[in-house]
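Colleague: I'm new to this one. Can you put it up and walk me through it?

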Amino acid sequence: MTIAGRPVAARMRARAPALTGRVVARLLSDLPVYADLPREEISGDIADIVQHNLRLFADIVEYRRHATEAELAQQRDSAAQRAEEGVPLDAILTAYQVGTAMCWQEAAKEALPGDLPVVLEITDRIMVLQRQLTSAVSGAYLEARRILDSQEHGGRHALMAALLAGEPLDRFTHPTGPRPAARYLALTLALAPHADELAQSSGAGMGSDSGAGPEVGAGVEPGSGAGAESGTTSGAGSVSASGAGTGRGSGAGVAARRKIRRIRTVLDHYAGTPVLTALDTSGGTVLLPVEEPPEWHGPGGLCVLIDEAARAAGVPVTAAAETVEPEAVPAAVARNSEIVDLVARTGRPPGLYRLADVLLEYQLSRPSEALPGLARLLGPLETKPELLHTLETYLELGLDRRTTAAALHIHPNTVDYRIRRIDRLTGLSPSRPADLQHISAALVARRSV
């Protein structure tokens with residue numbers, strides 16, 4: 001088909017990138033819910049689906065046919081993702097209508113009087129496409145919401161609540177319902193805020209999202225986790241009934257849900273089945289059914305899993321893990337939460353930890369009459385923060401004076417001088433093995449009292 005002597009399909013394909021930009025700009029100006037989405041989603045998923053629709057229209061016009069089921073798969077996937085993010089269905093359908101109208105206007109704007117038959121045919125074909133899009137998008141959206149609602153109120157939710165509360169599990173015997181696993185990998189996660197959460201919460205606009213990865217998953221939705229409904233908590237990552245993004249702008253809520261969904265997707269893929277999750281925007285608890293304790297290191301190890309989850313979500317992730325039988329889940333979750341808290345308080349980097357990694361800190365964090373005394377060993381340094389910081393850095397870097405000097409941007413001789421001053425003030429020197437043990441314990445005690 002041609003308009004003004006030029007093939008419509010070729011012209012639409014050539015103008016698709018520029019028209020995509022105009023459609024996206026119109027969506028942002030006309031639909032507040034789209035303006036609240038993170039910038040990465042606007043420039044990525046939303047722009048991609050707009051351009052996909054424009055090129056699909058060009059194919060339909062060129063070959064005078066209807067869209068196939070395969071050609072509507074991307075739209076269905078996009079609708080399911082928007083459903084998980086809580087974007088209203090009416091806003092999604094309005095977005096498609098806006099895009100379709102702008103597409104028709106672009107195709108017909110150069111039409112001459114003699115082009116009326118072609119314009120009428122294009123109008124008919126774009127109306128059929130709009131009907132197909134509405135059906136595909138609505139169906140996928142409603143199915144996604146049905147699954148989410150089922151997960152939120154179904155047996156998986158109840159099983160998670162029972163495991164966290166240490167309740168008997170003999171009631172989970174229905175053949176089509178969830179069954180308790182013989183063992184669980186109990187994970188406690190602490191998630192840093194994403195840049196988009198901070199930007200949207202402060203009203204700074206749509207921040208950037210460096211995370212990448214799929215956006216589908218299963219489990220207990222943020223804010224409807226087992227802990228929220230049953231009154232149980234998961235330690236450092238307790239689930240709030242108000243859900244992710246509470247007290248934030250709607251854009252921050254979307255960014256938080258995206259972060260959680262990406263974390264959950266990585267964990268589902270690792271387990272080969274939807275895992276039990278009770279997560280909010282700051283973290284929470286995950287229970288993965290396992291037959292044997294997973295490897296810690298190596299290509300398929302848990303350390304790699306946490307690294308992949310952090311990359312997918314685009315945020316640092318601190319985690320603690322332990323493999324236990326169902327009745328030991330509450331104790332493991334409590335222990336993991338303490339480990340994650342210790343990691344944060346002792347300034348360790350994000351990553352995966354177990355009790356063996358923080359044995360000294362864990363023991364010194366127990367109530368003890370000796371703890372204040374240990375902390376007082378470094379009391380003379382309280383008013384000399386440069387000495388205390390030098391000491392902490394020196395120990396963290398393996399007593400290497402040159403590396404310490406480089407990290408502090410001072411001369412190595414200054415490091416030596418400060419270590420001697422520490423010795424004079426406290427009577428302790430990291431160069432003496434016996435003193436080194438006391439210094440390490442005193443630093444941990446200072447963070448615990």
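Colleague: Which helices each supply at least two residues of the lining of the largest pocket?

Modeller: Those are helix H13 (359-364), helix H15 (385-396) and helix H18 (433-448). Helices (H or I, at least four residues) and strands (E, at least two) are DSSP runs, numbered from the N terminus. Before going on: this is a predicted model, where local features need pLDDT of at least 70, side-chain atom pairs count only at pLDDT 80 or more, and totals for chains, interfaces and linings use all residues. Residues are numbered from 1 along each chain as its sequence is written, and side-chain values use heavy atoms, with hydrogens and water left out.

Colleague: Which element gives the largest share of that pocket lining?

Modeller: H18 does, with 4 residues. The residues that line the largest pocket include Ser 440, Leu 443, Val 444 and Arg 447, along with Thr 346 and Glu 392.

Colleague: What is the volume of the largest pocket, and what classes of residue are in its lining?

Modeller: Its volume is about 230 Å³. The lining has 4 nonpolar, 3 polar and 5 charged residues. Ala, Val, Leu, Ile, Met, Phe, Trp, Tyr, Cys and Pro count as nonpolar, Asp, Glu, Lys and Arg as charged, and the others, Gly among them, as polar.

Colleague: How many cavities of 30 Å³ or more are there?

Modeller: The count is 2 cavities of 30 Å³ or more. On a 1 Å grid over the protein atoms alone, a cavity is a set of points where a 1.4 Å probe fits but cannot get out; a pocket is an open set with protein on both sides within 12 Å along at least five of seven lines, and lining residues have an atom within 4 Å of a point. Grid points are joined across faces, edges and corners, and a volume is the space filled by probe spheres set on the points.

Colleague: What lines the largest cavity?

Modeller: It is lined by 22 residues, and Val 50, Asn 53, Ala 95, Tyr 96 and Gly 99 are the closest to its centre. The space in the largest cavity is about 270 Å³. H1, H3, H4, H5 and H6 each supply at least two residues of its lining. By class, that lining divides into 16 nonpolar, 5 polar and 1 charged.

Colleague: Changing topic. Which residues touch the most other members in the largest nonpolar core?

Modeller: Met 12, Tyr 34 and Phe 57, in a core of 52 residues. A nonpolar core is a set of buried Ala, Val, Leu, Ile, Met, Phe, Trp, Tyr and Cys residues joined through side-chain atoms within 4.5 Å. Helix H1 (8-30), helix H3 (39-63), helix H4 (73-85), helix H5 (89-108) and helix H6 (116-153) are the elements that give two or more residues to this core. Another core, of 27 residues, lies apart from it, with Leu 185, Leu 189, Ala 319 and Leu 352 among them.

Colleague: And what does Phe 57 touch?

Modeller: Leaving out residues up to four places away in sequence, Phe 57 touches Met 12, Cys 103, Ala 107, Ile 122, Ile 126 and Leu 129. Contact means heavy atoms within 4.5 Å.

Colleague: Is Val 23 buried or exposed?

Modeller: Val 23 is buried, because its relative accessible area is 1%. Buried means under 20% relative accessible area, exposed over 50%, partly exposed in between (1.4 Å probe, protein chains only). Val 23 is in helix H1, and beyond its neighbours within four places in sequence it is in contact with Val 50, Gly 99 and Met 102.

Colleague: What about Thr 20, buried or exposed?

Modeller: Thr 20 counts as buried at 5% relative accessibility. It is also in helix H1. Not counting residues up to four places away in sequence, Thr 20 touches Ala 47, Val 50, Gln 51 and Leu 54.

Colleague: How many salt bridges does a search of the whole structure find?

Modeller: The search finds 29. A salt bridge is a side-chain nitrogen of Lys or Arg within 4 Å of a carboxyl oxygen of Asp or Glu. One of them joins Glu 62 and Arg 13 (2.4 Å, N to O). This pair links distant parts of the chain, with Glu 62 in helix H3 and Arg 13 in helix H1, 49 residues apart.

Colleague: Where do Asp 30 and Arg 26 sit relative to each other?

Modeller: They are 4 residues apart in helix H1, so about one helical turn separates them.
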